[in-house]
Every structure is written in structure tokens, then in C-alpha cells.
Amino acid sequence: MKIHEKYINRCIELAKNGLGTTYPNPLVGSVIVYNNRIIGEGWHRKSGEPHAEVNAINKVKDKSLLSKATIYVSLEPCSHFGKTPPCCDLIIKYKIPNVVIGTIDPNEKVAGNGIKRLVENGINVTVGVLENDCNELNKRFFTFHKKKRPYIILKWAESSDGFIAPLYKEKKEPIWISNEFSRQLVHKWRSEEQAILVGTKTVLDDNPKLDVRDWTGQNPTRIVLDKSGKISKDFYVNDGKTRTIFITEIENMPSNENCIYENATFDSRLAKNISAILYRNNVQSVIIEGGKMTLETFIKDNLWDEARIFVGNNILKNGTKSPIIYIENTVVKIKENQLKLFRNHD
Ligand code: AOF
Ligand code: ZN
């Protein structure tokens, strides 16, 4: 493997440590190399905390080596004052002569200005090393900034004969199509996304908590569709434990602790309306966990990026038919087993 690629790869590896905690910031990793050795490395951990480059520079014991070193960053160093000062200024201050960048920052406040600033200061800049991998690393951040909407993941479980729910339920308890393993994996997935969305019927039928209790990490913001205000204060989504955004047609919903109410019309533009509300609320990624109507609303508008489908061993014979029929022939199937993974957009 070529030398630049080796170190950018390390940046990507480091950056991934921040998955789930950097929102609304991107995942960024950085290494500093002198004489073919890494003398400092770091990643961005949390919005408001230092950027990857700052953490990497702080790890270098002998700062005099910086003026002879190369700094690798998976994303273009920032040039603006956000919650933290510009990384470019720090690179310039320490006179680091070489900067190798994975990909350009799509944030309008940066978008090439970081590179420009470095070049203007006589720094030798290389851009586009493992660019595709660096874009993939930040698929959520890139979708948010470029498409002005969150990265949308659809998730459901279906029986081996293709039903996502039985015809009727005797007990008011969730029916588990998938197993303990998949349940834990779902909680891991939840911890990686900024938000989780469900429709009204799912809340009324299953009273879900929508948290990550079987994994570590932050609970995602809950997004709940409640067109006509049917979800009473007794449901977990109203417990105030996690920030929850209710999307409703009702004006002036009685407010509740840690809850935000957003108005939308539940017409043919519903998926687009929700997506716009999430964008406005700075939500960069969302995992949609049902039910059927909600999933189909997004599929119909082709407003989704990934589908993750568990296929259980059980046979339900009848019930709610899985929405898989709408996506199966249109997009690339990545993997098929007990877990089917689909990718819609590049
Ligand atoms: C970098 N290195 O590690 C990250 C960058 O509010 P702030 O100061 O944290 O700035 C956030 C923006 O900075 C974010 O939207 C993105 O454009 C860039 N993130 N840049 O040089 C980093 N996390
Ligand atoms: Zn920065």
C-alpha cells in the first residue's frame, strides 16, 4: 500500500472511534508523521471538543519536530471559527510543511477554504487520498450538507414468509421476529445514529422505549409521528428521558418535558416534510424502525439510503406484508443471509 494511503487509512480507523458521539460534527482522524514514524495521532470525539488535528498535535511531545513533519487528516482542516478555532491556523502556527487530506469538507463554511488558506501560507497540500473511503466514513455528514436532508436508514424484521407483524395480537407486547443477537445489534445501530423514527401505530401497539439499553452509548433523539395527538402521556416516548420530536398536524400540542412539537401536513409530501423538519433540527441521520406505513412513505418517495432487514425463522402465515417487495428489484443487494442489507444511493 502506498505511504499516503497507509496513513489516511489510520486516520479513518481513528475517526471511527467517534461514531455516535460527534453529531452534528463529522468523524475525523489525524496522524502526524516524521521520519516514517507516527509521532502523534488523534480523533474528534465530541462536538464542542477539540478537532482531530488539535488532538494529534497535542500528542506530539517534541513540538519542534512539527516543522519537519506531515499531518494527515481524513477531512479538510477547518478554516472557520465554530465552537473551536480553525485547525488551519494551528497548522500554520506550528509551521507544519505538508498536509495530506482525504476529502474536502462539504460544510459551506469550509468547502475548500481550508485548503486555500494552507496553500496561501506556502504549505504543500495533497488532496483526495482514499477519497471514496473518506466520503463513506462520513456518509451521514455528507448527505446532510450536500442533499440538505438526514441520512436515512430503514430497519425492520420480517418472518421467513415475509410478514413484519401478525394479523392481530393477543397480548399488547411486541412480537419478537428476530432474536437476542439481532436485538443487541439494533441497539448498537441506534447508538450510531443521531435519531430514531417510528410511526403512531408502532407506539400504540408496542409502546417502545427506542433507547440503547442493550448497548453502550448515547440514546438517539426520538422522532415520533403523531398526526392527531393519539399518543398519551403514559407512553414511554413521552417519559422525558430522551429528547423527543413529535411531528403532528395538531397545533399547540400540550407541551411535555424534553419534547419538541413540529407541525406538518400528513399528505403525499409527508416524507419530504419530515426530512425538512429533521434538517431544520440539525438531525444528520435517522434510523426508521417502522411501522409498515411509515417505512413505505419513505420508500415511495425514494427517500432512503440504506435498508437493514432481519429475516426470522418463524412463519406467520398472514399479517402485515413486508415492504421489501418495493425495494428488492430496484437496488443493489449487498448481502443476503439472515440479515439483508441494501444500499440505495451512492
Ligand atoms: C476539522 N477537524 O476534527 C472536525 C472538523 O463547531 P466546531 O468548531 O466544532 O466546527 C464544526 C465544523 O468543523 C464541522 O461542521 C465541520 O465542517 C468541521 N469539522 N474539521 O478540521 C475535525 N470535526
Ligand atoms: Zn478543525
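Please keep in mind that the model is predicted.

Let's start with the sheet. It is open and built from 5 strands, in the order E2-E1-E3-E4-E5, with mixed pairing. At the edges you'll find strand E2, residues 37–43, and strand E5, residues 124–127, each pairing on one side only. Direction ignored, neighbouring strands here are turned by 15° against each other on average.

Now look at one pair in that sheet. Strand E4, residues 98–103, runs parallel to E5, and 4 bridges join them. Asn98 stands opposite Asn124 in E5.

What about the helices? Helix H1, residues 3–15, lies across E1, E2, E3, E4 and E5, running at about 140° to E1. Helix H4, residues 113–120, lies across E4 and E5, at about 150° to E5.

On to the cores. Which residues of the largest nonpolar core touch the most other members? Out of its 43 residues, they are Ile152, Leu154, Ile223, Val286, Ile288 and Phe298. Strand E6, residues 151–158, gives this core its largest share, 6 residues.

Let me zoom in on Ile288. Setting aside neighbours within four places in sequence, Ile288 is in contact with Ile152, Ile153, Leu154, Lys155, Leu197, Thr294, Leu295 and Phe298.

Finally, the ligand. There are 18 residues around ligand 1, and Val28, His44, His51, Gly82 and Asn107 come nearest. By class, that shell has 8 nonpolar, 7 polar and 3 charged residues.

Note on methods:
Residues are numbered from 1 along each chain as its sequence is written. Chains are lettered from A and ligands numbered from 1 in the order in which they are written. This is a predicted model: local features need pLDDT of at least 70, side-chain atom pairs count only at pLDDT 80 or more; totals for chains, interfaces and linings use all residues. A residue is near a molecule or strand if its C-beta atom, placed from the backbone, lies within 6 Å of it. Ala, Val, Leu, Ile, Met, Phe, Trp, Tyr, Cys and Pro count as nonpolar, Asp, Glu, Lys and Arg as charged, and the others, Gly among them, as polar. A nonpolar core is a set of buried Ala, Val, Leu, Ile, Met, Phe, Trp, Tyr and Cys residues joined through C-beta atoms within 7 Å. A residue is buried if 20 or more other C-beta atoms lie within 10 Å of its own, exposed if 12 or fewer, and partly exposed in between; C-beta atoms are placed from the backbone. Helices (H or I, at least four residues) and strands (E, at least two) are DSSP runs, numbered from the N terminus. Two residues are in contact if their C-beta atoms, placed from the backbone, lie within 7 Å. Two strands pair if DSSP finds at least two bridges between them. Axes are lines fitted to C-alpha atoms, for helices over the stretch in contact, and angles run from 0 to 180 degrees between N-to-C directions.
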